[in-house]
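Please look over the sequence and the 3D structure below before reading on. The paragraphs that follow take the structure one part at a time.

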Amino acid sequence: MAAAAGLVAAVAAALGALLMAPGLSQPDGQGAPGPRGGAAAAAERRRSGRMDQALLLVRNELPAPGLNLAARSGSCHQCLYQFLAFVPPNNESLRKPGTASVMVDTQHPLTLLLNSSVGDRDLCKIQYHFGEFGNYSLVVKTISTSNQTVSCDLIINEGPINSYLPILFAFLVYVGILALLIAGRLLMKIDPVRNWVYKKLNPRATDRMINSELGSPNTTDSINCDPAPQSWSSGSRQRLRSLDTFRGLSLVIMVFVNYGGGKYWFFKHESWNGLTVADLVFPWFVFIMGTSIALALGSMLRWGSSKWKVLRKIIWRSFVLILLGIIVVNPNYCLGPLSWDNLRIPGVLQRLGFTYLVVAALELLFTRADSGTWEGRFPALQDILPYWPQWIFILVLETIWLCLTFLLPVPDCPRGYLGPGGIGDFGKYPNCTGGAAGYIDRLLLGEKHMYQHPSSGVIYQSTMPYDPEGILGTINSIVMAFLGLQAGKITLFYKDQPKQIMSRFIIWGIVMGVISAILTKCSKEEGFIPINKNLWSISYVTTMSCFAFILLLLIYYLVDVKKWWSGAPFLYPGMNSILVYIGHQVFANYFPFKWKMQDSQSHAEHLTQNLTATTLWVIISYILYRKRIFWKI
């Protein structure tokens, strides 16, 4: 406990000292001011501005009637220009240009449009990516009075700060800690050093410390989606550590982005089509849940459990997950005491619970206690052909999703609409967010029982409630878990053949990647079915499955085949995933996971807080691992 607390303090102190160092606040292209001057200037700019924004001063040297300034974000597909400010005309009598100042977004490139306030004549259009806390001027003047040629010149008054340096420094801090831990383990392999440690410390405690990575705890057979299942051999109690490591990696990233991800846009969910880091982790968690189901069910049946007993456990665990999601982890608590009037029904745990119920029951129906070699015409397809009814069921589900998505009539919306509504699609369908998916949720659940602040509201300014864990998208989360189930079957049927396992992971990854390329036309916006986390589109599922197969292949090779990596530190939260997920949600606003910041407009402070909170949960899971405490539902 003392060592864990010391590590937390060391990480927090190192991050705080490095991420908020004065040098991080120096503006680009402004020379190298003294430490106090650079820090003071940056702090002053943060007090006068907001994170991810820059100041733009527009100087209009043109005569009446004045100008309208509008902008459109580069990440906003087919969006209307949004009015920013009216710039008064030049005052010829006082020889004073008209001015207007606005704050502009720095997360994505902007297209600025200046036109006359009378007649709507476009004068100039500028594309530029502004820097955070930068100070800019846009000077509009006449070059030639004969043909009324207008110039628009963008001038940098004060360079922006480099808001991405804290990420680099945080990376170096963690690499340094990792290097120290590796060096310590190597030193412990030297006999004189190890003997000296034995003399200074309790021998039994030291032995546990040295060998903490050599084995995994013995657990009773379980089919829950938290700890990974037992390995294949009935005589061995060894776990597949790669599954826990994969799950833990997904969970750690999930905790980090849920805590804010340093307030960087790429650690937030994509507004609509496309992917960010935050969009990767939930489908990976669903995928590895399916993998665990395949291994766990076979293990349960081999140990003599009846299918009816296993089915009762599946139903109970699904019910508990759904109940925890509705009552404990519900974002509508921010609206006040929870009541039926504003209870959000869908959610992450709810979707996990229902997906688990369907996929585990489907597998239970067709699984066998003996997973020996299949004696059929095509032994190379022994992990697929015996389960053809499952594939038919999944294909029927996907057909239902396609038909509802593209054929269901939605009032006042075009059939098959997949857009964000709001100002997207040039403002033609402002109340059509999510198309059929949003309509089904509003019809069956009611607007007050859905997520009230979808990610599309930021860029696309949509006002309709939309739930990314809604009803229609659950179909594709079942497909995602089923693909993870396929990965589990591969490890079962080829249990003593790691080359076969890895080659099939590669094949499945390639197949999923090809399907994604066809569906999306290798384009973010122009494909048949774009990659979309809010919709859980089928292209999103195939893309995430492609990544998951390849990532699981790498982890399996490093952890279970070559044993070059123990899986630490991701192994520990992966073995207590439900506890860590619920815990990080419940205690999100409590110290030491959150504290009052000196400067809430600093990425460095947010990153320090979020990384410290995430590290704390990893350390908590490690302590629980050492004490053999695992929360299972």
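This is a predicted model: local features need pLDDT of at least 70, side-chain atom pairs count only at pLDDT 80 or more; totals for chains, interfaces and linings use all residues.

**A helix pair, a sheet and the whole chain**

Helix α7 passes helix α8 in a right-handed crossing. On the α7 side, the contact is made by L297, M300 and L301. On the α8 side, K307, V310, K313 and I314 take part. To find the two helices, look for residues 281-302, which make up α7, and residues 307-327, which make up α8. Their axes come within 10 Å and cross at roughly 140 degrees.

Next, turn to a sheet. Four strands form an open sheet in the order β3-β2-β5-β6, and the pairing is antiparallel. In general, the strands of a sheet pair through backbone hydrogen bonds, either parallel or antiparallel. Which strands stand at the edges of this sheet? They are β3, residues 82-87, and β6. Each of these has a single partner strand, so one side of each is left without a neighbour in the sheet. Neighbouring strands of the sheet are turned by 20 degrees against each other on average, with direction ignored.

Strand β5 can be followed towards each of its partners. Strand β2, residues 67-73, runs antiparallel to β5 and is joined to it by 7 bridges. One of the residues to look for is A70, whose bridge partner in β5 is L113. Towards β6, L113 has K125 as its bridge partner. Strand β5 covers residues 110-116 and β6 covers residues 122-128; 6 bridges join these two antiparallel strands. Strands β5 and β6 also form a hairpin, with 5 residues between them. In the turn of this hairpin, G119 has a positive phi of about 90 degrees.

Finally, step back to the whole protein chain. How many helices and strands does the chain have? There are 18 helices and 8 strands. Of the 633 residues in the chain, 53% are buried. The accessible surface comes to about 29,000 Å², and 63% of that surface belongs to carbon and sulfur atoms. Among the contacts with a separation of 6 or more, 71% are between residues 24 or more positions apart.

Terms used
Residues are numbered from 1 along each chain as its sequence is written. Side-chain values use heavy atoms; hydrogens and water are left out. Two strands pair if DSSP finds at least two bridges between them. Buried means under 20% relative accessible area, exposed over 50%, partly exposed in between (1.4 Å probe, protein chains only). Contact means heavy atoms within 4.5 Å. Accessible areas come from the Shrake-Rupley method with a 1.4 Å probe; for residues, only the protein chains shown count as cover. Axes are lines fitted to C-alpha atoms, for helices over the stretch in contact, and angles run from 0 to 180 degrees between N-to-C directions. A crossing is left-handed if the near helix is turned anticlockwise from the far one by less than a right angle, and right-handed if clockwise.
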